[in-house]
Amino acid sequence: MLKLKNDVASLEELFRKKQRVILYGAGAAAKLLIQSYYELFPSESLEFIIDGNDSLDGTCCIVSQDIRVKVISLKHFCAMYTRNKRPQSFTLLITPYYSLFMIKQLDQVKELDQAEAYVYSFLAEKTLPGQFHLRETDRPMIPKVIHYFWLGEEKLPKEYERNIETWKNLCPGYEIIEWNESNFDFRKYRYAEKALEHKQYMYATDVARKEILYHYGGIYLDTDVELLRPLDALLYHEAFIGIDDGGQLNSGSGLGAVKHNEIIREMLEIYEEEAFVQEDGTLNGTFNTFYETRLMIEKGFRIGNQSQKIGTMRCLPREVLMPEGVIGLRNQYTEKTIANHKINPYNKKEIEAVRSRLYSAEALGGS
């Protein structure tokens, strides 16, 4: 079983206290983490990244044109450290968004027994939001329009209808527009067109929501967003986006902007270069959170639950639009909470044991 720890307040402190930190997971979360904090990583900590997928052994994790990190499989790593008889001479930093499932698997790897391990999302949680105001300008900037998408032949589920009722009840005077195949031309973007053809509606709307906001302005919400308070305060921004559990940006929880906002245009342009059906025929499963966060990191955003103003875009801490602990973190409902993005990707009871170990590790300095 891993020796889970949660006794540092930041990546800076982790690197300061531990001699060698090795990333586990070579996916999107690791790329964003390295891109955001590259200057903090000691060179030996980026000698390689471990990944549980054997087929990635010997490949590279491509973070940017200038940053590439070798990937070795978990099997390769265990063999290397067993051979060198140094199984305890490292600290794992587990990076994937849904890390708690992986911990249950890693606990069964005998070579990792009692190996120190931290989970990045639990470190990101410790970033203090800082002082911020829900209203940023002297007068409302964003128009009173709520946009949402519903695609395909299935009827909108009752749960989502109830969510939309909260929008109507708490935002009287707002225009609420449903976009679908009949009033949005998905052929304008090859990525969106192919996602729609494959009935991957979530990916099709990733593009379309930016197109709508750029041309009309307003606020975009996923249908699984329940409003708890009026959106009025958020109109007093040029643009805003929510931060999620892992410290990344998530437009599904809320994305708002004035018409012709430059950052929304840049988010839209990302999809002009991306293919949904890749050359080998597989579908591009990269979430919108990766593309949105990567762009904003290039502009100065730091992954973490901290209010940040990047150009015209206000990045709102998760307490505002995504307070529910989706990936095992504590809930963060406060007097500034406006909505709840009701993502439920896992059985909470199933990971409660792992979650409790991490919070115990926070208090006791290890588990």
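**Ground rules**

I worked from a predicted model, where local features need pLDDT of at least 70, side-chain atom pairs count only at pLDDT 80 or more, and totals for chains, interfaces and linings use all residues. Residues are numbered from 1 along each chain as its sequence is written, and side-chain values use heavy atoms, with hydrogens and water left out.

**Entry: α8 against α9**

I looked up helix α8 (residues 201-216) and helix α9 (residues 262-273), whose axes come within 9 Å and cross at roughly 145 degrees. Helices here are DSSP runs (H or I, at least four residues), strands are E runs of at least two, and both are numbered from the N terminus. Axes are lines fitted to C-alpha atoms, for helices over the stretch in contact, and angles run from 0 to 180 degrees between N-to-C directions. I noted the crossing of α8 and α9 as left-handed. The term left-handed applies if the near helix is turned anticlockwise from the far one by less than a right angle, and right-handed if clockwise.

I then listed the residues in contact (heavy atoms within 4.5 Å). From α8 they are D206, V207, K210, E211, L213 and Y214, and from α9 they are I264, R265, M267, L268 and Y271. By class I get 7 nonpolar, no polar and 4 charged residues in this contact. Nonpolar covers Ala, Val, Leu, Ile, Met, Phe, Trp, Tyr, Cys and Pro, charged covers Asp, Glu, Lys and Arg, and polar covers the others, Gly among them.

**Entry: α9 against α10**

I followed α9 to helix α10 (residues 288-298), where the axes are 10 Å apart and the angle is about 125 degrees. That angle makes α9 oblique to α10. Oblique is what remains after roughly parallel (under 35 degrees), roughly antiparallel (over 145) and roughly perpendicular (65 to 115). This crossing is right-handed. On the α9 side I found I263, E266, M267, I270 and Y271, which meet N288, Y291, E292, R294, L295 and M296 of α10. The α9 and α10 contact divides into 7 nonpolar, 1 polar and 3 charged residues.

**Entry: two threonines**

I found T166 in helix α6 (residues 158-170). T166 has a relative accessible area of 16%, so it is buried. Buried means under 20%, exposed over 50% and partly exposed in between, with a 1.4 Å probe and protein chains only. The T166 side chain reaches the backbone oxygen of N163 at 2.4 Å. Beyond its neighbours within four places in sequence, T166 contacts E226 and L227.

I found T337 in the loop between α11 (318-321) and β16 (339-341). T337 counts as buried at 1% relative accessibility. A polar atom of the T337 side chain lies 2.8 Å from the backbone nitrogen of T334. Not counting residues up to four places away in sequence, T337 touches L228, R229, E319, V320, P323 and Q332.

I placed L11 in helix α1 (residues 11-17), and L11 is buried at 3% relative accessibility.

Y81 belongs to helix α3 (residues 74-83) and is buried, with a relative accessible area of 3%. I get 38 Å between the C-alpha atoms of Y81 and N331, which are 250 residues apart along the chain.

Definitions and conventions:
A polar contact is a pair of N or O atoms within 3.5 Å; within protein, one must be able to donate a hydrogen and the other to accept it, and residues adjacent in sequence count only if both atoms are side-chain atoms.
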